[in-house]
Amino acid sequence: KTVQQSYKRAPHFDEVFELYRDGLERGRTFVDLNVGLIEAIAGYLGIETRRVLLSETLESFGEKTHLIVDVCKTLGADVYLSGAGGGREYNDERLLNEHGIELRYDDYAYPEHPQLWDGFEPNLSVLDLLFNCGREARELVTG
């Protein structure tokens, strides 16, 4: 109800809220809810990038950077792209390099987009972007 009340005047409310509501109703567990919403949003935006679930990829795995190494090895990746925020404290670059994995950081700059209120408040959620911009959101975030 909070999302509905906050965004009911947004230009793309009807189509996006239906997608969101359907995702909420189908999620039996928190994981199901998140995966379902990610898949629904990706479909809405036409994102066809291959996505894999960790639970379907590895039977067992380490923690922190060891987990990253396990995933990269399993998927055949030799580059790991990490967010610049907490990633710098979390990642063990030496360990990644020992396994032939290059560590790169991405310092993402959230693009301004129209919102219902005066000014621009960054980093709210993908829902804010979708309600306000619809399918055009993909172009905004990929440039």
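This is a predicted model: local features need pLDDT of at least 70, side-chain atom pairs count only at pLDDT 80 or more; totals for chains, interfaces and linings use all residues.
**Stop 1: helix H2**

Start by selecting Phe13, Val16, Phe17, Tyr20 and Gly23: these residues of H2 are buried. Now turn the view until you look down the helix axis. The buried residues of H2 fall within an arc of 125°, so they line one face of the helix.

Then show what lies over the buried residues: the cover includes helix H1 (2-7), helix H3 (30-45) and helix H8 (126-133).

H2 runs over residues 13-26, which makes 14 residues, and at 1.5 Å a residue it should span 20 Å. The C-alpha atoms at its ends are 20 Å apart, so the two values agree.

**Stop 2: the aromatic rings**

How many aromatic pairs does the structure hold? There are 5. Select Tyr7 and Trp117 to see one of them: the ring centres are 5.7 Å apart and the planes stand at 70°, so this pair is edge-to-face. Tyr7 belongs to helix H1, while Trp117 sits in the loop between strand S2 (102-106) and H8, so the pair ties together parts that are 110 residues apart in sequence.

Are these two residues buried or exposed? Tyr7 counts as buried because its relative accessible area is 10%, whereas Trp117, at 41%, is partly exposed.

Phe131 has a relative accessibility of 0%, so it counts as buried.

Now show the wider group. Ring pairs join Tyr7, Phe13, Phe17, Tyr20, Trp117 and Phe131 into a cluster.

**Stop 3**

In soluble globular proteins, nonpolar side chains tend to be buried together. To explore this here, select Phe13, Leu45, Leu130, Phe131 and Ala137, the residues with the most contacts inside the largest nonpolar core, which has 17 residues. The elements giving two or more residues to this core are H2, H3 and H8.

Zoom in on Leu45. Setting aside neighbours within four places in sequence, Leu45 is in contact with Leu130, Gly134, Arg135, Ala137 and Arg138. Then move to a second, separate core of 7 residues, which includes Ile68, Val69, Leu96 and Leu103.

**Stop 4: two cysteines**

Select Cys72 and Cys133. Cys72 is buried, with a relative accessible area of 6%, and Cys133 is buried too, at 5%. A disulfide is a covalent bond between the sulfur atoms of two cysteines. How many disulfides does a search of the whole structure find? The search finds 0.

**Stop 5: an exposed glycine**

Finish at Gly85, in the loop between strand S1 (79-83) and helix H6 (87-90). Its relative accessibility is 60%, so Gly85 counts as exposed.

Key. Residues are numbered from 1 along each chain as its sequence is written. Side-chain values use heavy atoms; hydrogens and water are left out. A disulfide is a pair of cysteine sulfur atoms within 2.5 Å. Buried means under 20% relative accessible area, exposed over 50%, partly exposed in between (1.4 Å probe, protein chains only). Helices (H or I, at least four residues) and strands (E, at least two) are DSSP runs, numbered from the N terminus. The expected span of a helix is 1.5 Å times one less than its number of residues. The arc is that of the directions from the helix axis to the C-beta atoms. Contact means heavy atoms within 4.5 Å. Rings of Phe, Tyr and Trp (its six-membered ring) pair if their centres lie within 6.5 Å; planes under 30 degrees apart count as stacked, over 60 as edge-to-face and the rest as tilted. A nonpolar core is a set of buried Ala, Val, Leu, Ile, Met, Phe, Trp, Tyr and Cys residues joined through side-chain atoms within 4.5 Å.
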